[in-house]
Amino acid sequence: MLSVTDVEKSYPSANGPVPVLRGVSLSLEAGETLALTGDSGSGKSTLLHLIGGLDLVDGGRIEVAGTDLSGLGDKPRAELRRATLGIVFQQFNLIASLPVQDNIAFQARLAGRHDRDWCAHLTDRLGLEGLERRYPEQLSGGQQQRVAIARTLAARPSLILADEPTGNLDEAASANVLALTLELVQETGAAFLMVTHSRELAGRLGRRLHLSSGRLA
Amino acid sequence: MSNWWILRALLSHWMRRPFQLFTLLLGLAIGTALWSGVQAVNAEARASYDRAAGMLGGDMLDRLISTTGADIAQADYIALRRAGWQVSPVLEGRVRVGGEGVRVIGVDPLTAPAETQLGGAVGDGEVAQFFAPPYLGFAHPVTAERLSGVAPLPELRSFDGRVTGAVVVDIGLAQGLLDRDGLLSYLTVHGEQPAGLPPLEEVTGDRLRRSAPEDSGMGLGQLTDSFHLNLTAFGFLSFVVGLFIVNAAIGLAGEQRKPLFRTLRTCGASSRALVLLLGVELLTLAVIAGGAGLAMGYLLAGALLPDVAASLRGLYGASVSGELTLQPIWWLTGGAISLFGAGVAAAQSLWRAYRLPLLAPAQPQAWLAAQHRTLRLQGFGALVLLTAAALLAVFGTGLIAGFATLGALLIGAALGLPVLLAIALAMFERRSSTAFGQWFWADTRQQLTSLSLALMALLLALSVNIGVGTMVDSFRTTFLGWLDQRLTPELYIAARTPEEAEAFTAWIAPHSDAILPVWSVEEQVQGWPVEIYGVPDHPTYRDNWPLLSSLPQPWDAIAAGNAAHVSEQLARRFDLTPGDTVTVPTRAGAWEVTVAGIYADYGNPIGQLRIGLDALTDRWPEVERLRFAIRMAPEDVPDVIAGMREAFTLDPNQLIDQTSLKALSRGIFERTFTVTAALNVLTLAVAALALLTSLLTLSTMRLPQLAPVWALGLTRRQLGWVELGKSLMLAGFTAVIALPVGLAVAWLLLAVVNVQAFGWRLPLHLIPIDWARLGLLAILTALLASALPIWRLARTPPGRLIQVFANER
């Protein structure tokens, strides 16, 4: 499902390019779950963005579902995100002007895979019933995060990328939300890659990799 | 299908922010309304000119005119026809019919060019009647109804393609009516001529010359071009100010929707699809706003047209229908301008959306650097434009150069405003010693980026207001002073017949100090209609009549009979200065007369020439001797008027005293500027709206800046006052900058545009009280625009302010 080979990435600065990723390689199969840990600035989020097609590699190769991202233009990358990928952000990134139910259905509708029953199931499992007509600003941080997770799962992506998905929640809530997410991910059969600071949460996933100064330890 | 959901997500923003949507639609609708309203007025006026010009082919066909400016001999016309020239004779002049002056146009429909409407006017069955006694004439329905059969005119048939106050008759009849047997005003040259024609000089010697329509300057379309350009400039300015609102609304919506754009991109929308759908959204909004704007423009044009018609009648003698009949092209161009405006206003936002990076880490330093870069660019642009304006003002000639100077000056000043404001605010910030002061100036500077467009719109509106206001005031001051000097006689009387004139003068002689004839004829001088007045040698004129420039003893010169005073318009048209000569056609042939003086003749659409009274009666013995100016003791005027009304049966317009005449002239003057004043106020109102919408939209985005200050101990009410102070200060600063810009606009209008537009130049009169009034108006505009946002801020629930911290990440 995912193959990352010798990926390099650096950012420009006043003193020349600052390397963030230095020859990172990993792979992930369908149904597998992987936690990527590391200190701040270790390059975890950068790697996630590269896998998600939000940014382009400087060197190396990333393949998602057999598609090499390195040579793809904006449009095919957008299609890949729409059809194959699901991304959960720490900042939720909900559409403020749409109610909860439309936020949940949004990506599934874009992908042409909207399933009313599946959305209802997700709403129920993630404890969002009764909130369907509310707008994001009327929800707590935890509720918004669960809507973001529901939105990603509703499209039944093959690969789910999660960037600190519970970073805004307390420890107990984080554990609950992650457990629920993993159950639902298992139902979809998707591969799941999560970036986290928490060793405890990372331990709940199938595999764990640690990134340090742009290299996998 | 997926695009539909993206579009729905985009549109949902407006559903959650209806006020923002309203301001966007309103801005575009108002801009479109003002632009298309003005265009509708222009189109209606031009259609009227075309109807008038189409009758004789005036704006389309060349003419043969006399090289001396006198009438053409009919023999020359006959010689040309025999030589194969396809030309048609026209004789124009005025006769008095039933106490009013009527323009008589003599034509020959059999030789009239196909391009004219004469063929259509004279039906097959009417040709014989048109040529032979008792004759048949054609006129506008209003004129035909009033004057048909009134001696000496024949029966008149209605014809829509004719202007009011003009009567078309057979050329032979016209020669009789105008007492110009064997004479013609000009010859219309057919568009197509047979091959192998002998040259004009071979047939008529040097007596005739060919004049293209644009050379003659006689077409109303050309005469009034400058007036319509003035209106168009105002319409365009309002449109631009409207676009400022749209740009501000779309720009702020773009800023607010950045997270949405990123989310959509993350969910799989390509940047191309996003921009395409933003374009669809814009198109939808533009169509809605454009439709509303066109409807508003139609109503506006309907309201302005009567005043525009009055202005055109007063300034150019042009007859414009007061009713609005619009062509489909108007709707189409109005809709197109709305779409174009929306596109221009949204271009930057669309480009930003297209180039929006998917990942946008917070980069306050980069933002600050970008802001500095933008300011530097704006400053450079302002400098270039202001330099261009200065160069154009010095070296440019013509109306287009005048408007280009105005445009460069206004846009340059508008671009320079945020730069000046940023410099001033940075200076205040550096000098501030208190923490609150530093925050105040820094926060104002930060707001500047979002408010600069609205402030630029305010600057444009204020500058134009000052400029046009100063121009109108200068005109008013000059005109009223001139009127006081010109209208010295205490009473004016007009008789209907020579017998009545004799009876009037006999009755009034014992009650007056002097009876001064006001007699005139109308002639065509080099194809331009000119009034020729006879001036009695009397101190009334010598002591009071102001001359702009003259030879020594100018009054003695015209009393001697071989000199004339000419109006400024006539002097500018024929490039005359004192000492030059001008050729005037008379019954006895061309008369060369020396220009002894030039006088202002504001508001007269046609040229004027004043000669000695004896010279007039000698050369035009048939001149109507019906009107008189009476000198008498002012206190006797009411009794004399009452006595005359008792002794004679008088129409109201036969007797008028100086005070009433001045009031009448002032009324006409004020009406002339009604349209300008209306557009002036509307532009300022649009600018106020731009400021209001910017402040309101901004107020919803400012909580993160204000919440920390609130938390540090300022009450919401205090914050409200601080925000008000900022708005007033920015508006006040804008008004201060607008003053010199406005005065420069006034100078350009008076020294360049008016001279081209009307043919006269006015001195610049500065009226500081008006500036103070406008400064207060600017402050009031800011006060009104700030009131609602500040009221909302003062009533913001503490919970919302706390939420700012809860959402901090």
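A residue is called buried if 20 or more other C-beta atoms lie within 10 Å of its own, exposed if 12 or fewer do, and partly exposed in between, with C-beta atoms placed from the backbone.

The model is predicted; local features need pLDDT of at least 70, side-chain atom pairs count only at pLDDT 80 or more, and totals for chains, interfaces and linings use all residues. Residues are numbered from 1 along each chain as its sequence is written, while chains are lettered from A and ligands numbered from 1 in the order in which they are written.

**Strand pairing**

Helices (H or I, at least four residues) and strands (E, at least two) are DSSP runs, numbered from the N terminus. Two strands pair if DSSP finds at least two bridges between them.

| Partner strand | Residues | Bridges to β11(B) | One bridge pair |
|---|---|---|---|
| β20(B) | 627-631 | four | A494(B) with R627(B) |
| β21(B) | 655-657 | three | L491(B) with D657(B) |

**Positive phi angles**

Most residues other than glycine have a negative phi. In chain A, D6(A) has a positive phi near 50 degrees and lies in strand β1 (residues 2-11). D6(A) is partly exposed, because 13 other C-beta atoms lie within 10 Å. E164(A) has a positive phi near 45 degrees and is placed in the loop between β7 and α6 of chain A. E164(A) is buried, because 20 other C-beta atoms lie within 10 Å.

**Nonpolar cores**

A nonpolar core is a set of buried Ala, Val, Leu, Ile, Met, Phe, Trp, Tyr and Cys residues joined through C-beta atoms within 7 Å. The largest such core has 219 residues, and F244(B) and A690(B) are among those with the most contacts inside it. Helix α17 (residues 435-486) of chain B gives the largest share of this core, 20 residues. Two residues are in contact if their C-beta atoms, placed from the backbone, lie within 7 Å. Leaving aside residues up to four places away in sequence, A690(B) touches residues including F244(B), I245(B) and A457(B).

**Contact between the chains**

The contact takes 24 residues from chain B and 21 residues from chain A. On the side of chain B that touches chain A, α1(B) gives the most, with eight residues.
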